[in-house]
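Please consult the sequence and the structure while reading.

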2 protein chains.
Amino acid sequence: MFRHVVLFTWAEESTGEQRARVAEELGKLPAAIPEIRAYTLGADAGVSPGNHQFAIVADFDGVDEFVTYRDHPLHQAVIAEHIKPIMDTRAAVQFEV
Amino acid sequence: MFRHVVLFTWAEESTGEQRARVAEELGKLPAAIPEIRAYTLGADAGVSPGNHQFAIVADFDGVDEFVTYRDHPLHQAVIAEHIKPIMDTRAAVQFEV
């Protein structure tokens, strides 16, 4: 399995509505991109101080399937229209499981 | 399920041996901390530019079990002895799945 993890912090001036919209739009991708084997996402639970604010963990059969997802037009549209406008910082890792 | 994600970058002067030791020591935790339901970790695969260098994704039944892991002496020992000495930056999120 090939696991993709990405964490975001949001711009201070972004709204709860904008942040919720990111989760909503990303949540549509598994139905549209069959290469996605598992897809979990969510806002930070607020249990530990100093955390980032939002996480995605996505699983694929291998690196090729991950790249298909990464570069997919529907994914890139969510990034351009909903994530980039409110993103402050991004941290990501992909690793073999 | 309660999912914990943490990403690290390592200090430039850290060695491959030190970085490998982090994975080795963390890999012992699931056998010692029964609250851990699933535990995956790995170095970044080098597929996407600008990534962090190491990831852990750990799953728990709930927030209480995560806190038990977070504060567990064996976990804290790995952080103090192997992670902190070579850590540059850290990004984390916990979220309900």
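Is Glu25(B) buried or exposed? Glu25(B) is buried, at a relative accessible area of 12%, where buried means under 20% relative accessible area, exposed over 50%, and partly exposed in between (1.4 Å probe, protein chains only).

This is a predicted model, in which local features need pLDDT of at least 70 and side-chain atom pairs count only at pLDDT 80 or more, while totals for chains, interfaces and linings use all residues. Residues are numbered from 1 along each chain as its sequence is written, chains are lettered from A and ligands numbered from 1 in the order in which they are written, and side-chain values use heavy atoms, with hydrogens and water left out.

**Salt bridges**

Side chains of opposite charge can pair when their charged atoms come close. A salt bridge is a side-chain nitrogen of Lys or Arg within 4 Å of a carboxyl oxygen of Asp or Glu. Over all chains, the whole structure holds ten salt bridges. Three of them are listed below.

| Salt bridge | N to O distance |
|---|---|
| Arg70(A) and Asp71(A) | 3.0 Å |
| Glu25(B) and Arg21(B) | 2.9 Å |
| Lys28(B) and Glu25(B) | 3.1 Å |

Glu25(B) and Arg21(B) belong to helix 1 of chain B (residues 16–26), where four residues, about one turn of the helix, separate them. Helices (H or I, at least four residues) and strands (E, at least two) are DSSP runs, numbered from the N terminus. Arg21(B) is partly exposed, at 38% relative accessibility, and Lys28(B) is also partly exposed, at 47%. In chain A, salt bridges with shared partners join Arg21(A), Glu25(A) and Lys28(A) into one network.

Both members of the remaining pair in the table are partly exposed: Arg70(A) has 24% relative accessibility, and Asp71(A) has 43%.

**The contact between the chains**

Chain A and chain B each contribute 30 residues to the contact, which means heavy atoms within 4.5 Å. About 2,200 Å² is buried between the two chains, 62% of it on carbon and sulfur atoms; buried area is the accessible area (1.4 Å probe) that two parts lose on being put together, summed over both. Zero salt bridges are found across this interface. On the side of chain A that touches chain B, the elements giving two or more residues are strand 1 (2–10), strand 2 (38–43), strand 3 (54–60), helix 3 (63–71) and strand 4 (87–96). Strand 4 of chain A gives the most, with seven residues.
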